[in-house]
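Trainee: May we go through this model together? I would like to start with a single residue.

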Amino acid sequence: MPVRARALMLQGTGSHVGKSVLTAALCRLFREDGLSVAPFKAQNMALNAYVTADGGEIGWAQAVQAEAAGLEPSVDMNPVLLKPQTGGAQVVVHGKVWATLSAREYYRRRGELWDAVTVSYRRLAAAHGLIVIEGAGSPAEPNLMAGDITNMAVARLARAPVVLVGDIDRGGVFASLVGSLALLGRPDRRRVRGFLLNKFRGDPALLAPALTFLTRRTGRPVLGVVPYLADLHLPEEDSVALEERGTSTLGWGPGGERVGFPPHRVVVVRLPHIANFTDFAPLVADPAVELRYAQRPEEVVGASLVILPGSKDTLADLRWLRASGFAAAVQAHLARGGRVAGICGGYQMLGRAVEDPDGLEGGGRAEGLGCLAATTVLAPPKITRRVQARLAAGGERFDAYELHLGRTRIDPEVAPFALIEDGDGSRPDGAVTRDGQVWGTYLHGVFDTASVRRAVLGAPPPSEADPAGAGDYRAARERAFGRLAAHVRAHVDLRALRDLVGVR
């Protein structure tokens, strides 16, 4: 029988209360303290996915948490991934597409998914001394408790104490914490050992009476009040982050000032089924870039670069571009001399047409924007692989990953965007027009490497464009982990957490 790791579980009063970021912080803190720690989330629902070294697909949050723990991401860290699409969800199990299910079908087959969860958890627990587990949404949803495979069911599997996280910035956090506890059954209620209040912006002295009330009312301690931490620039997994961001302008210094070279204004079209918008986290972190997620066609005016991002329902989003006026706005932007790019599904939309003969995304055919001489046919299998590539023009090298359905045929005279290094040779990826005004690629991670980011943005040399040292985004993430860990260490009772878990 494998040795069972110690475990600690973070659950929340709802989505986007900060469970993912706090899990990453604890992974880094426990690693700094010399423990062998790994993250785990039984089931994730997200359209931002990451590809592991062996070609498996997992949620981005677990990849970020693994990085914080100093580990290579593994499919065992997120054994079940749900990717919503028209008519249901694509279900990814142990990194591979398992089925496309309606909600009713999903609930009928969740026992099979639970088997995958237990296998992965046991493998992970056999390899590490401590597992930090992230729950999903809220554990106190009466209509979901009986079929739970990601909250209290996992806490029972791991014999993990639970810390309940609430977002105090939203208001109503004390009612949410008390109410969540009250809705749990008695055995699960006993598993909740304390609370964390996240995203606090006020005066701690004024909060003290409420903390005392919460402890007296529930008999459980508040283990930390974590102040809001701005400009962390880690990739966001939940699309709720875009709701909060809206169309606000980003790319400012820590004091609210513009930093360095006047920014490039980059506009990402916010598609209804936007996927893998983690591609743009490096642009948010770069002081030379001003990033906007556009929800109205007029918001592309004045952009230096307009990007069509990835999509989980390419044909539907392509039709939406026309119906919403964005297709016309993109054409007008090109006529003004602006530049346009497409990544993954966005690349497919820039071509002449996208066809779905097998009904993988609802079926049918949609006319593309006609900006690139290319045609896409959606067909299995899904391509999921990590690659090394270089820009076809300029030769800048970068690491990337592919995550897409479909094959895109480009006209012979069209130049590729990049060359993927494959053994002793290379193969082309993407397309770029002769004048460089339009480009598209299947490669995620194009903006992570500073030299590539500058090349595709048309930025000046580093001494002018990057005085603040945004540089390589992987290095920026490492700095963010250090900052996050120090912040949480200062505001959370780590000794109490260690006592709960039973580690020193």
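Trainee: Is H16 buried or exposed?
Mentor: H16 is buried, with a relative accessible area of 13%; buried means under 20%, exposed over 50% and partly exposed in between, with a 1.4 Å probe and protein chains only. This is a predicted model, in which local features need pLDDT of at least 70, side-chain atom pairs count only at pLDDT 80 or more, and totals for chains, interfaces and linings use all residues. Residues are numbered from 1 along each chain as its sequence is written, and side-chain values use heavy atoms, with hydrogens and water left out.

Trainee: Where is H16 found?
Mentor: H16 lies in the loop between strand 1 and helix 1. Helices (H or I, at least four residues) and strands (E, at least two) are DSSP runs, numbered from the N terminus. Phi of H16 is near 65°, a positive value in a residue other than glycine.

Trainee: What about D231, then? Where is it found?
Mentor: D231 is in the loop between strand 12 (222-227) and helix 9 (240-245). Its phi is near 55°, also positive in a residue other than glycine. D231 counts as partly exposed, at 37% relative accessibility.

Trainee: Back to strand 1: how many of its residues are buried?
Mentor: In strand 1 (residues 6-12), 6 of 7 residues are buried.

Trainee: In which sense does strand 1 pair with strand 9?
Mentor: Strand 1 and strand 9 (residues 130-134) pair in the parallel sense over 5 bridges; pairing requires at least two bridges found by DSSP. The bridge partner of L8 in strand 9 is V132.

Trainee: Which bond joins P380 and P381?
Mentor: A cis peptide bond joins them, with omega about 0°.
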